[in-house]
Amino acid sequence: MAEVLSHKSLAAIADQYGTPVYIYHAEKIAEQYEKLKDAFKSQDVVIFYASKALTNIHILKFIRSIGCNVDCSSINEVKLALHAGFDPSQVLYTSNNIAFSEIEEAKNLGVHINIDSLSNLEKFGKKYGHSYPVGVRLRPNILAGGNLKISTGHEKSKFGIPVDQFEKVLECVKKNDLFIQGLHIHTGSEIKDANVFVKGIEKLFEIIPYFNELEFVDLGGGFKVPYKEGDTETDIALLAAKVKEAFSNHPNPGNKPLQIWFEPGKFLVSEAGFLVCQVNVLKETASMVFAGVDSGFNHLIRPMFYDAYHRIENITNDVGPKKEYTVVGNICETDTFATDRMINEIHDVDYLVFYNAGAYGFEMSSNFNSRLKPAEVMVRNGQSFLIRRRDVFEDLLRSQLDI
Ligand code: LLP
């Protein structure tokens, strides 16, 4: 796989800022964005970065600087996006099971809102009627995505209003004279097959004609990125061709041409991120050799939570013979990053890098075991910048009351 940052530069950054450290490569994010823009250049497509993947405000600012919009999954993400300088018109709040007060707040901030329940849609209609445009998040009843934990569009998923209840949506729209500006679906994360998006479009076109003020169709995110050599990924060019064909098969029933919105998270930032740790302990046992690093699932939960595969390499000894290691963390719970993985011979003090750490890495980290969260560093134009200092002990006490 083409290296985004060399072992040598990753190790130099770890030397400079300490470990564990998350490192993000700005130009790789831009490259991914350009890939999408280029593939969809003949279509009216708007990209909203799903900021839940990584919300560091410097990443948000960079994403804004390359012309990308932003998708949020909480009112605080909305506020972070505005703080990072996005105009409200570039911010989308795709909500799920939230208090109506957050929707009111989002409306007052002037951002786009996708509502995912009949009850909130009803409240919105009663309060705002036709005065503020809104999107409806539908559950298309399509099973897709890398595993069940990250599948969101199927018949047992909590997300969105089931498409089979669209008549209730219509009733609510008529009763309250709602301005339905868009329809939204998101079927899951790590969707390899472009046909999943086509299926979603087909389902949407069954109901699109009932909404005559539509301006966009939001197809969510979920593009799959490669995690290892030879791994499959969403073929973006094929996806663009299929989306174009699916739309051209349906005449536009509304007054305005429909824009297509996407909300990629992993696609934009996964491969741009690295977690570098240091090996504290090597433990040889009868069945395996453990490499215990100065991190754990408190910093990168994906292997334990989703059985996710992250490529791991020894960046301070990348020529030694390869041996089998089980890479584990230092927290007081089983926190296996990889089992029996072939890695260049490890000595304690070596640095290991975990690839694909940009999306849902730092963002899902915690202070479990009262351990400190890592620093975050951004590399741009060949220069590294600290964009979040490592936690210090006082951070653990910051919100606790001294009574
Ligand atoms: N839009 C909506 C409404 C979403 O719920 C999500 C992800 C996205 C967009 C972006 O999906 P992406 O392009 O990143 O696949 N923590 C899990 C992934 C959970 C995704 C949640 N929603 C993981 O680390 O695999």
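**Reading helix faces, packing and a loop glycine**

Me: Which residues of helix H5 (residues 100-109) are buried?

Reply: This is a predicted model. The buried residues of helix H5 (residues 100-109) are Phe-100, Ile-103, Glu-104 and Ala-106. They span an arc of only 160° around the axis, which places them on the same side of H5.

Me: What covers the buried residues of H5?

Reply: The cover includes helix H4 (75-83), strand E4 (91-94), strand E5 (112-115) and helix H6 (118-128). Just after H5, Gly-110 has a positive phi of about 85°.

Me: Which residue caps the N-terminal end of H3?

Reply: For a cap, look for a side-chain atom paired with a backbone atom. Asn-56 caps the N-terminal end of H3, with a side-chain oxygen 2.9 Å from the backbone nitrogen of His-58. Past the other end, just after H3, Gly-67 takes a positive phi of about 95°.

Me: At what angle do the axes of H6 and helix H7 (residues 166-176) cross?

Reply: For a helix pair, read the distance and the crossing angle together. The axes of H6 and helix H7 (residues 166-176) come within 9 Å and cross at roughly 10°. Angles under 35 degrees count as roughly parallel. That makes H6 roughly parallel to H7.

Me: Which residues of H6 and H7 meet?

Reply: From H6, Leu-118, Leu-121, Glu-122, Gly-125 and Lys-126 take part; they meet Lys-168, Val-169, Cys-172, Lys-175 and Asn-176 in H7. Sorted by class, the contact of H6 with H7 has 4 nonpolar, 2 polar and 4 charged residues.

Me: Where is Gly-221 found, and is Gly-221 buried or exposed?

Reply: For a loop residue, take location, then accessibility, then neighbours. Gly-221 sits in the loop between strand E9 (216-218) and helix H9 (236-248). Gly-221 is buried, because its relative accessible area is 0%.

Me: With which residues is Gly-221 in contact, leaving aside neighbours within four places in sequence?

Reply: With those neighbours left aside, Gly-221 is in contact with His-186, Gly-188, Ile-191, Phe-197, Glu-263 and Pro-264. As for Arg-64, Gly-221 is 157 residues away in sequence and 18 Å away in space, C-alpha to C-alpha.

Note on methods:
Residues are numbered from 1 along each chain as its sequence is written. This is a predicted model: local features need pLDDT of at least 70, side-chain atom pairs count only at pLDDT 80 or more; totals for chains, interfaces and linings use all residues. Side-chain values use heavy atoms; hydrogens and water are left out. Buried means under 20% relative accessible area, exposed over 50%, partly exposed in between (1.4 Å probe, protein chains only). Helices (H or I, at least four residues) and strands (E, at least two) are DSSP runs, numbered from the N terminus. The arc is that of the directions from the helix axis to the C-beta atoms. Contact means heavy atoms within 4.5 Å. Axes are lines fitted to C-alpha atoms, for helices over the stretch in contact, and angles run from 0 to 180 degrees between N-to-C directions. Angles under 35 degrees count as roughly parallel, over 145 as roughly antiparallel, 65 to 115 as roughly perpendicular and the rest as oblique. Ala, Val, Leu, Ile, Met, Phe, Trp, Tyr, Cys and Pro count as nonpolar, Asp, Glu, Lys and Arg as charged, and the others, Gly among them, as polar. A polar contact is a pair of N or O atoms within 3.5 Å; within protein, one must be able to donate a hydrogen and the other to accept it, and residues adjacent in sequence count only if both atoms are side-chain atoms.
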